[in-house]
Amino acid sequence: MTESIAPAAQTPRVYLRIDRLTKKFGAFVALDRVSLEVFEGEFICFLGPSGCGKTTFLRAIAGLDIQTSGSVEQDGLDISALPPAERDFGIVFQSYALFPNLTSERNIAFGLENQKLGKAKITARVAELLELVGLPEQGDKYPAQLSGGQQQRIALARALATSPGLLLLDEPLSALDAKVRGHLRHEMKLLQRRLGVTTVMVTHDQEEALTMADRIVVMNQGVIEQVGTPTEIYREPDTLFVADFIGEMNQVKGRVESETSVSIGDIRLASRPHKLAQGASAVVAIRPEDIIPHGAGARSAGTTETMADTGNTLDMQIENMEFLGSFWRVSLWHPGFGDDRLRADMSINAMRRLSIEEGSSIQVELPADRLWVFASESR
């Protein structure tokens with residue numbers, strides 16, 4: 001019998017290639033030799049604090065801010081020197097930038113009219129796009145007659161009208177209230193998957209990036225700190241900046257004992273493998289949800305005796321508690337931690353089951369595979 005051989009997984013095609021892109025404004029370096037590959041059909045998010053260079057990066061790709069040096073290649077073509085009008089992209093700005101004197105239909109048709117398409121084709125395409133973004137009855141409305149969410153959808157339809165190879169989104173949801181934003185980000189992601197258009201979005205909202213992106217590009221001070229899937233960025237941060245910027249992260253001063261252990265005061269803890277030298281100062285980091293409660297501790301509240309802590313299980317005092325709806329955030333203290341505290345997120349069921357209350361003592365585990373060690377100078 002002839003044995004069948006499964007076909008090899010197809011390698012995704014690089015659609016957008018940025019090589020050592022640098023942008024300077026006088027002496028200020030907004031982008032410092034940034035390189036990135038974006039695959040065809042991928043949804044990428046540029047994420048970072050204000051002033052990190054993410055919007056400058058997007059504008060350089062669009063040709064709105066020409067780079068000082070480096071290159072941009074789209075679909076195999078070097079577009080580094082092309083003006084925006086000669087590049088193949090659609091863009092949605094934070095303010096939507098709809099023409100206030102044109103109806104929704106005319107806004108969407110604007111790019112198609114510039115391409116000199118026939119009236120019948122334009123009418124059909126506009127109707128198709130209005131249906132696509134769920135606003136088939138709003139074509140004759142002016143922007144001022146639409147809600148913010150509706151304006152965002154019309155701006156998106158206009159950006160997609162010419163069937164661009166690349167869709168650029170510059171914080172398109174930031175002007176909306178939280179409920180509308182949550183609904184539209186889901187719709188935008190479904191639409192992007194349906195169309196298969198390569199998409200680059202700028203955001204400072206980590207929740208947006210985590211829920212919408214195939215990969216996240218975390219930026220800081222004009223450079224890329226890390227590129228990875230949302231799960232990789234959250235669970236496997238390369239640097240303390242990434243660990244601290246994405247989600248909540250406890251940080252405690254410590255010292256390196258070995259490549260898989262660290263000490264906090266007199267407490268020695270097993271940790272994830274790291275490359276810091278023995279004896280070096282370090283920042284020990286763990287996410288609040290990774291701290292595991294095990295029950296009542298061996299010390300009563302207010303006692304300062306040092307207990308025999310075993311491995312990564314510590315007896316800690318509960319200083320205060322905050323109710324955050326679906327969970328409690330608990331502040332924990334141990335004599336060996338000095339002025340540092342740990343925040344632990346505990347479910348309502350765990351709080352009830354373990355009878356956790358302020359002033360009591362609780363035994364908690366800091367799992368070694370969730371305990372990160374970073375160089376202290378990064379703090």
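Q: How many aromatic pairs does a search of the whole structure find?
A: Rings pair when their centres lie within 6.5 Å. This is a predicted model, and a search of the whole of it turns up 5 aromatic pairs.

Q: How do I tell whether Phe-46 and Phe-57 are stacked or edge-to-face?
A: Look at the angle between the planes: under 30 degrees counts as stacked, over 60 as edge-to-face. Here the ring centres of Phe-46 and Phe-57 are 4.5 Å apart with the planes at 5°, so this pair is stacked. Phe-46 belongs to strand S3 (residues 43-47) and Phe-57 to helix H1, so the pair ties together parts 11 residues apart in sequence.

Q: Are Phe-46 and Phe-57 buried or exposed?
A: Buried means under 20% relative accessible area. Phe-46 counts as buried because its relative accessibility is 1%, and Phe-57 counts as buried at 0%.

Q: Which charged end sits over the ring of Phe-99?
A: For this, check the distance from the charge to the ring centre, within 6 Å, and the angle to the ring normal. The charged end of Arg-158 sits over Phe-99, 5.3 Å from the ring centre. Elsewhere, Arg-272 lies over the face of Trp-372, 3.8 Å from the ring centre.

Q: Back to helix H1: why is it called largely enclosed?
A: Count its buried residues. In H1 (residues 54-62), 7 of the 9 are buried, so the rest of the structure largely encloses the helix. Among them are Lys-54, Thr-56 and Leu-58. Just after H1, Gly-63 has a positive phi of about 85°.

Q: Which residues line the largest cavity?
A: Start with the volume, then ask who does the lining. There are 3 cavities of 30 Å³ or more, and the largest has about 50 Å³. Its lining includes Phe-43, Leu-156, Met-188 and Gln-192. Helix H4 (148-160), strand S7 (166-170) and helix H5 (178-195) each give two or more residues, with the largest share, 4 residues, coming from H5. By type, the lining has 9 nonpolar residues, 2 polar and no charged.

Q: What about the second largest cavity?
A: That one holds about 40 Å³ of space. Val-252, Phe-337 and Leu-371 are among its lining residues, which divide into 9 nonpolar, no polar and no charged.

Methods. Residues numbered from 1 in each chain as written. Predicted model: local features only at pLDDT ≥ 70, side-chain atom pairs only at ≥ 80, totals over all residues. Heavy atoms only, no water. Buried < 20%, exposed > 50% of the residue type's maximum accessible area, 1.4 Å probe, protein only. 1 Å grid on protein atoms, 1.4 Å probe; cavity = no way out; pocket = protein on both sides within 12 Å on 5 of 7 lines; lining within 4 Å. Points joined across faces, edges and corners; volume = space filled by probe spheres on them. Nonpolar A, V, L, I, M, F, W, Y, C, P; charged D, E, K, R; others polar. Phe/Tyr/Trp six-rings, centres within 6.5 Å; stacked < 30°, edge-to-face > 60°. Lys NZ or Arg CZ within 6 Å of the ring centre and 35° of its normal.
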